[in-house]
Number of protein chains: 2
Amino acid sequence: MGIRAQQKEKTRRALVEASFNQLSAERSFSSLSLREVAREAGIAPTSFYRHFKDMEELGLTMVDEGGLTLRQLMRKGRQRAAQGGSIIRVSIETFLEFIDSNPNVFRLLLRERSGTSAAFRSAVQREIEHFIAELMEYLQANAGLTVEVAHAQAEAMVILVFSAGAEALDMTPKKRKVLAERLVLQLRMIVKGGAAL
Amino acid sequence: MGIRAQQKEKTRRALVEASFNQLSAERSFSSLSLREVAREAGIAPTSFYRHFKDMEELGLTMVDEGGLTLRQLMRKGRQRAAQGGSIIRVSIETFLEFIDSNPNVFRLLLRERSGTSAAFRSAVQREIEHFIAELMEYLQANAGLTVEVAHAQAEAMVILVFSAGAEALDMTPKKRKVLAERLVLQLRMIVKGGAAL
DNA sequence: GAAAATGGCTAACAGTTGTAAGCTGAAAAC
DNA sequence: GTTTTCAGCTTACAACTGTTAGCCATTTTC
C-alpha cells in the first residue's frame with residue numbers, strides 16, 4: 001500500500017475511533033456533529049468529506065464494524081461451549097464481556113436500532129438477523145426442532161440477551177450478577193418451552 | 001379554574017401535542033428543538049419557558065403521560081380477558097392496537113429507554129416496571145408460581161412484546177399478522193417453560 | 001523529471017440554536 | 001378602582017452547525 005493510501009486509512013480510522021470515543025451514556029451518535037468528530041480526530045472540519053459523504057455514512061461504517069466484532073466474538077464463544085460447558089451460560093458470559101469491553105459499540109447498535117435513520121435501522125436489524133440465524137442453526141442441529149419453533153426461539157433469546165445488555169450498561173458488577181442469573185432462567189424457560197411445543 | 005389558568009393549560013397542552021405530532025420514524029424527541037416545538041404550538045420561542053424549564057422537562061411529562069395511557073389500556077385489556085379469552089392473545093391485540101393508534105407515544109418510550117438522558121431512561125424504566133409488576137401479579141395469581149419465576153417470566157414477556165411492537169411500527173398490516181403469531185408462540189414458550197421449572 | 005491527483009488546510013457563508021432583557025395588556029388580588 | 005401578577009411578545013446575542021470555494025504540498029503517475 002502506498003504511503004498516501006496508508007495515511008488516508010490512518011485518519012479514516014481516527015475518525016471512526018473519535019466517534020466511538022465520544023459515545024457515552026449521555027451522548028448518542030446522532031447527537032455528534034461533524035465538526036466535533038473532526039476536532040476529536042485532529043483534522044479540519046472540511047477534511048471530513050475526503051473520507052465520508054456525511055455523518056450517516058460514517059455511522060453505517062461503525063455499525064457494520066461493530067456488528068462484525070460482536071458476531072466474531074459470539075462465534076468463538078460457541079466454539080468454547082462446544083467443548084464442554086452450557087451453551088447458554090457461555091453465550092451470556094461472552095456477551096456481557098463484549099459489553100464490558102466495548103460499551104460504546106453496543107450503545108451504538110442499541111440506539112440506532114430504533115433511531116431516526118432507516119438505513120441505520122436496517123443495518124442493525126441485519127446484524128441482529130445474522131445473529132439469530134447463527135443461533136437458530138445451532139439450536140436446530142442440537143435439539144432437532146421445527147424451523148418455525150427454532151426461529152421463534154432464537155429470536156426470543158437474542159432479544160432478551162440484547163435487552164439485558166442494555167440494562168447491564170448502567171450497572172455495577174454486583175447487580176450484573178443478579179441480572180445474568182435471571183437471564184439464564186429466562187433463556188432456560190424458552191429452551192424448555194420450545195421443546196414442549 | 002380561572003380564565004387565566006385555563007388559557008395557560010391550553011397552550012401547555014398545545015406544546016405537548018405539538019411535540020408528539022412532530023415525532024415520526026425520521027424524527028426523535030431529542031432531535032426536536034425548543035424553537036421548532038414552540039413554532040408548531042403557535043407561540044414565541046421564549047414563551048416556552050413559561051411552561052417548562054427546558055425540553056427535558058417537557059419530555060418527561062410526555063413519558064409520564066404516555067406510560068399512563070398505555071397502562072390504562074392494558075388494564076382494560078386484561079379485564080376483557082378475565083371474562084373469556086386467552087390472556088396472551090388479548091394482551092397482544094391490545095398492545096398492537098395501542099401502537100397503531102398512538103405510534104408516536106410508543107416511539108417516545110421506545111427511544112428514550114436507551115436515550116442520552118438518565119432521567120428519561122429511568123422514567124421509561126419505571127413505566128416498564130409498573131407494567132411488569134401488574135403482569136406478574138396476574139401470573140402469580142393464575143398459575144401459582146415462585147416470585148422469582150413469575151418475575152422472570154413477566155419481564156421476558158414484556159420485553160418481547162415491546163420489541164415486537166418496535167418492529168410492528170414499520171410494518172404493513174399483513175406482515176404484522178405474521179409477527180403477532182410468532183409473538184404468541186414465543187409467549188407460550190415462556191408460559192410453558194416457566195411452569196416446567 | 002513534468003504533470004496529475006489528492007488529502008488537508010483556511011476563510012467564509014447562511015442558517016439555526018438556546019436564552020437573556022425588557023415591554024405590554026389583560027386577569028387576579030386587594 | 002387601584003395595584004399586582006404574569007403569559008406572551010419582540011429584540012438581541014453569542015455560539016454552533018453543515019457546506020462551498022479555493023489554495024498548498026506532497027505523493028503518484030506517466
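User: How many residues of chain A are in contact with how many residues of chain B?

Analyst: Contact means heavy atoms within 4.5 Å. In this predicted model, 34 residues of chain A are in contact with 34 residues of chain B. Local features need pLDDT of at least 70, side-chain atom pairs count only at pLDDT 80 or more, totals for chains, interfaces and linings use all residues, and side-chain values use heavy atoms, with hydrogens and water left out. Residues are numbered from 1 along each chain as its sequence is written, while chains are lettered from A and ligands numbered from 1 in the order in which they are written.

User: What area is buried between chain A and chain B?

Analyst: Buried area is the accessible area (1.4 Å probe) that two parts lose on being put together, summed over both. Between chain A and chain B about 2900 Å² is buried, and carbon and sulfur atoms give 62% of that area.

User: How many salt bridges and polar contacts does the rule find across the interface of chain A and chain B?

Analyst: A salt bridge requires a side-chain nitrogen of Lys or Arg within 4 Å of a carboxyl oxygen of Asp or Glu. The interface of chain A and chain B has 4 salt bridges by this rule. One of them joins A:Asp170 and B:Arg121, whose closest N and O atoms are 3.5 Å apart. A polar contact is a pair of N or O atoms within 3.5 Å; within protein, one must be able to donate a hydrogen and the other to accept it, and residues adjacent in sequence count only if both atoms are side-chain atoms. The rule finds 14 residue pairs in polar contact across this interface, both residues being at pLDDT 80 or more.

User: Which helix gives the largest share of the side of chain A that touches chain B?

Analyst: Helices (H or I, at least four residues) are DSSP runs, numbered from the N terminus. At least two residues each come from helix H5 (103–112), helix H6 (118–143), helix H7 (147–168) and helix H8 (173–195) of chain A. The largest share, 11 residues, is that of H7(A).

User: Which residues come nearest to DNA strand D?

Analyst: A residue is near a strand if one of its heavy atoms lies within 4 Å of it. Of the 20 residues around DNA strand D, A:Arg35, B:Arg4, B:Ala44, B:Arg50 and B:His51 come nearest. Sugar and phosphate account for 55% of the atoms of DNA strand D that come within 4 Å of the protein. A polar side-chain atom of B:Arg50 is 2.3 Å from a base oxygen of DNA strand D. H2(A) gives the largest share of the surface near DNA strand D, 4 residues.
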